[in-house]
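Please read it with the structure open.

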Amino acid sequence: LVGKPGSGKGTYGALLASRYRNLTFLSVGDVLRDSAKRNETLRRVLTSGKLVDDTIVNEAVIESLQEENLQQLKAQHSIDSDAQIFNDGGEHIILDGFPRTDPQTKLLSKWPSSLEPALAIYFDVPDDIVITKLLGRRKCTICGGNFNINGVEQDGWDMPPLLPKNGCKEKCDWDIHWEKRDDDTADIIKERMQVFRQETEPVLESWSDSNRLVTFVPYKGVKEMDRLAGVLENYFHKHSLT
């Protein structure tokens with residue numbers, strides 16, 4: 001999954017994984033933020049808005065892709081159906097946050113062929129909308145839920161706030177237990193957007209050159225999940241990957 005900070009990659013990835021039994025969602029950002037709790041140097045890099053060293057990211061992703069780690073990750077997410085996007089009986093991965101740079105793309109080319117991504121999905125969202133959504137992101141420290149208190153309704157975009165339907169599972173206090181990420185500030189967001197343009201946009205060209213790039217414009221946010229699933233299923237069917 002590729003997109004600007006705040007374009008919804010993590011949300012869409014998690015929802016896709018809950019939709020298909022043989023998909024597991026792996027967020028590289030979550031992996032690095034978890035490691036940063038025990039590594040002050042890494043924490044400073046993440047909160048600055050800059051990208052982590054390519055080799056460190058590559059090693060973290062490969063470790064996370066080990067079967068035992070994937071099984072633990074899969075156990076943390078609920079699955080809402082028995083549908084399978086692939087009918088080969090195997091497990092498949094939605095990878096959010098790698099590769100983000102040209103050097104990471106080169107490292108990816110050295111991975112085993114069995115781990116080579118079938119395609120990249122680019123979530124195309126304007127700057128002003130992702131900034132609004134970034135400033136509204138919240139995570140509950142009690143139930144672990146991810147929410148967004150900001151909504152967008154302009155120029156054909158209709159993305160309401162993402163709030164729990166009946167409160168958090170543990171009936172937490174939103175004012176006390178909902179936290180912002182350290183890097184969701186105006187100055188750091190500006191830095192992250194610049195990094196995306198310089199480092200990640202060129203990566204899209206390599207996916208496009210290999211005919212493995214799908215661009216998706218989520219005008220209605222999570223209400224677009226059926227359309228997104230249809231785009232993926234059509235792509236895999238067209239390329240005989242199902």
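1. The model is predicted. It contains an open sheet of three strands, paired in parallel and ordered 1-4-10. In general, strands of a sheet pair through backbone hydrogen bonds, either parallel or antiparallel.

2. The edges of this sheet are strand 1 (2–3) and strand 10 (213–216). Each has a single partner strand, so one side of each is left without a neighbour in the sheet.

3. Strand 4 (residues 120–123) pairs with strand 10 in the parallel sense, over four bridges. Within this pairing, Ala120 stands opposite Leu213 of strand 10. Helix 10 (residues 225–238) packs on the sheet and touches both strand 4 and strand 10. The direction of helix 10 makes about 160° with that of strand 10.

4. A second point concerns two helices. Two packed helices are described by the angle between their axes and the distance between the axes. For helix 7 (residues 127–135) and helix 9 (residues 186–209), the axes come within 11 Å and cross at roughly 135°. Angles over 145 degrees would count as roughly antiparallel and those from 65 to 115 as roughly perpendicular; helix 7 and helix 9 are therefore oblique to each other. The crossing of helix 7 past helix 9 is right-handed.

5. Which residues meet where helix 7 and helix 9 are in contact? Helix 7 contributes Asp127, Val130, Ile131, Leu134 and Leu135, and helix 9 contributes Ala186, Ile189, Arg192, Met193 and Arg197. Of the residues in this contact, seven are nonpolar and three are charged, with no polar ones.

Technical notes. Residues are numbered from 1 along each chain as its sequence is written. This is a predicted model: local features need pLDDT of at least 70, side-chain atom pairs count only at pLDDT 80 or more; totals for chains, interfaces and linings use all residues. Side-chain values use heavy atoms; hydrogens and water are left out. Axes are lines fitted to C-alpha atoms, for helices over the stretch in contact, and angles run from 0 to 180 degrees between N-to-C directions. Helices (H or I, at least four residues) and strands (E, at least two) are DSSP runs, numbered from the N terminus. Angles under 35 degrees count as roughly parallel, over 145 as roughly antiparallel, 65 to 115 as roughly perpendicular and the rest as oblique. A crossing is left-handed if the near helix is turned anticlockwise from the far one by less than a right angle, and right-handed if clockwise. Contact means heavy atoms within 4.5 Å. Ala, Val, Leu, Ile, Met, Phe, Trp, Tyr, Cys and Pro count as nonpolar, Asp, Glu, Lys and Arg as charged, and the others, Gly among them, as polar. Two strands pair if DSSP finds at least two bridges between them.
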